[in-house]
Amino acid sequence: MIHGMKDYSLTRQTVSLHQLLRPFDSVINLFGLALENKTLRSTAQFLGAHSQNSSQKVIAFINADCVNKLSSSDNYRKALDAFDHLYADGVGMRIAARLQGQAFIDNVNGTDLFPLLASELEQSGHRIFLLGGKPGVAEEVITYLEVNFPKLRIAGHHHGYLTAESSEVVVELINESNADVVLVAMGAPKQEIWINEHKSKINSRLLVGVGGLFDFYSGNVSRAPVWLRGLSLEWVWRLMMQPQDKAKRYLVGNPLFLFRAWRNTKLRKPQIGFLQQLQKKFWRARIYATAYIQRCINIAVASGMLFMLSPLLLVTAFLIKQESPGPIFFRQTRVGKNGRQFSMYKFRSMFIDAEARLAELKDDNESEDGIIFKLKEDPRITRVGRVIRKMSIDELPQLVNVLNGSMSLVGPRPPLPSEVALYDSPQNYRLQCTPGITCIWQVSGRSDIPFKQQLQMDIAYIQRKSILTDIAILLKTVPAVLLARGA
């Protein structure tokens, strides 16, 4: 869970830095709704854990279309007010939050949550009931579940075309099935209103409104490619796939939602006087000036270090060439700010067939998260390589990356494209900042720190990046390198 720094197990060396960092808000209020600010994975874990409790919880996901429908449906508002947990779904809600100076950690939507929740329920042995979609659609979703989650217990299913009389029959069917979790896919606001009207009669512990989820997992509607979803443009894909059904929702609804988000922000903002406006403009100018100063510092420090360390660089190059044939420098594709790939330079510390041998060592990965590869006794590393890695000398050629602007002196370490492919939304947040040679977790234990905690530290750094923070990290880098902590 990435709510704030108070949950982190930080070392003594990082506490003073992280006292400067502001935690995420756990709840963000938009359009009169209290929206929980969690990651997709932590939400799945929370819902999976609650399926074991005796109390009942009702869950809904709120997107731009839901907000538009709220304005014309008192029953919808009444239903949502009675729900226990609401989550923000889609780029529209993130834009609305940013207009108020806030930020959601993740895009928590039913479609992406479904396989994570199914995995949690499969492990716990709890039963799931599928309610919604056209006749036959729920059966196709069950086929998907049986293939991908063979141990998941399916309690039952029913289509979503219900009358008042058939609703009573379905409630009885759910109770007879002893379902712990009921997914209701009727579309908003119908599903939320139905849940609110019938929840007191249903014995299940968890009722979740999931919109068009069944259509995706039945194969009747294709989802946007991952790269398009990463750009927050899934709605464009859905419009192209279903132009007649979605034209009004997106071409009319999206501009209407943006107007509502802007108006909501204006209504919340107090009128400010001339001095406050001047102060706001000064603050913006300060932000731009800070970025310019940081770039100047990067160029000055990188140039000075390359000049002063040139004897060390020459000796290192000679030793690498003497021990192992092949190039002195190692150039590797990494992912930088906004997902742009670039070539990162290092002194070669491994034998020239290291990349080819990586597949053989995958099973020996000592990283708890399985995203980064970590192996202390890596046989691919040369003798010279072990020394220059321990002293971080292998990283010095990245000063060239600092000069060309693809990297900074301080920032999250640049990941491999293969690592980014395994990222979920909060991990992608690291890509909003120019990567650096050193960072908070590198001065706090380096590779000894698990990837999950590295992520938390990087996100916290990005939230409150400043010149003072960068200077503090740079000063802590020197003893960290000399003492070789976590190398």
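1. Helices here are DSSP runs of H or I with at least four residues, strands are E runs of at least two, and both are numbered from the N terminus. On that basis the protein has 22 helices and 12 strands. This is a predicted model, in which local features need pLDDT of at least 70, side-chain atom pairs count only at pLDDT 80 or more, and totals for chains, interfaces and linings use all residues. Residues are numbered from 1 along each chain as its sequence is written, and side-chain values use heavy atoms, with hydrogens and water left out.

2. Now the overall picture. Of the 487 residues in the protein, 47% are buried (under 20% relative accessible area; exposed is over 50% and partly exposed lies in between, with a 1.4 Å probe and protein chains only). Taking contact as heavy atoms within 4.5 Å, 73% of the contacts between residues at least 6 apart in sequence join residues at least 24 apart.

3. On to the interior. A nonpolar core is a set of buried Ala, Val, Leu, Ile, Met, Phe, Trp, Tyr and Cys residues joined through side-chain atoms within 4.5 Å. The largest has 41 residues, and Leu 30, Leu 35, Ile 62, Met 93, Leu 131 and Trp 194 touch the most other members. Helix α3 (residues 64–70) gives the most to this core, with 4 residues. Another core, of 32 residues, lies apart from it and includes Leu 121, Ile 142, Ala 185 and Leu 206.

4. Ile 62 deserves a look of its own. Beyond residues up to four places away in sequence, Ile 62 touches Leu 33, Leu 35, Val 67, Tyr 76, Leu 80, Leu 86, Tyr 87, Ala 88, Asp 89 and Met 93.

5. Which residues of helix α2 (residues 40–50) are buried? They are Leu 40, Ser 42, Thr 43, Ala 44, Leu 47, Gly 48 and His 50. Their cover includes β3 (57–62), β4 (85–88), α6 (110–124) and β8 (206–209).

6. Next, a helix pair. The axes of α4 (residues 74–81) and α9 (residues 190–198) come within 9 Å and cross at roughly 60°; the axes are lines fitted to C-alpha atoms over the stretch in contact, and angles run from 0 to 180 degrees between N-to-C directions. The two helices are therefore oblique to each other (under 35 degrees is roughly parallel, over 145 roughly antiparallel, 65 to 115 roughly perpendicular, and the rest oblique). Asn 75, Tyr 76, Lys 78, Ala 79 and Leu 80 of α4 make the contact with Glu 192, Ile 193 and Asn 196 of α9. By class, this contact has 4 nonpolar, 2 polar and 2 charged residues (Ala, Val, Leu, Ile, Met, Phe, Trp, Tyr, Cys and Pro count as nonpolar, Asp, Glu, Lys and Arg as charged, and the others, Gly among them, as polar).

7. Within α9 sits Ile 193. Leaving aside neighbours within four places in sequence, Ile 193 is in contact with Ser 73, Asn 75, Tyr 76 and Ala 79. The C-alpha atoms of Ile 193 and Gly 209, 16 residues apart along the chain, are separated by 9.8 Å.

8. A second pair to check is α6 and α7 (residues 137–148), whose axes come within 11 Å and cross at roughly 55°. That makes α6 oblique to α7. Here Phe 114, Pro 115 and Ala 118 in α6 meet Val 141, Tyr 144 and Leu 145 in α7. The residues of this contact divide into 6 nonpolar, no polar and no charged.

9. Finally, Gly 136 lies in the loop between β5 (127–132) and α7. Gly 136 counts as partly exposed because its relative accessibility is 29%.
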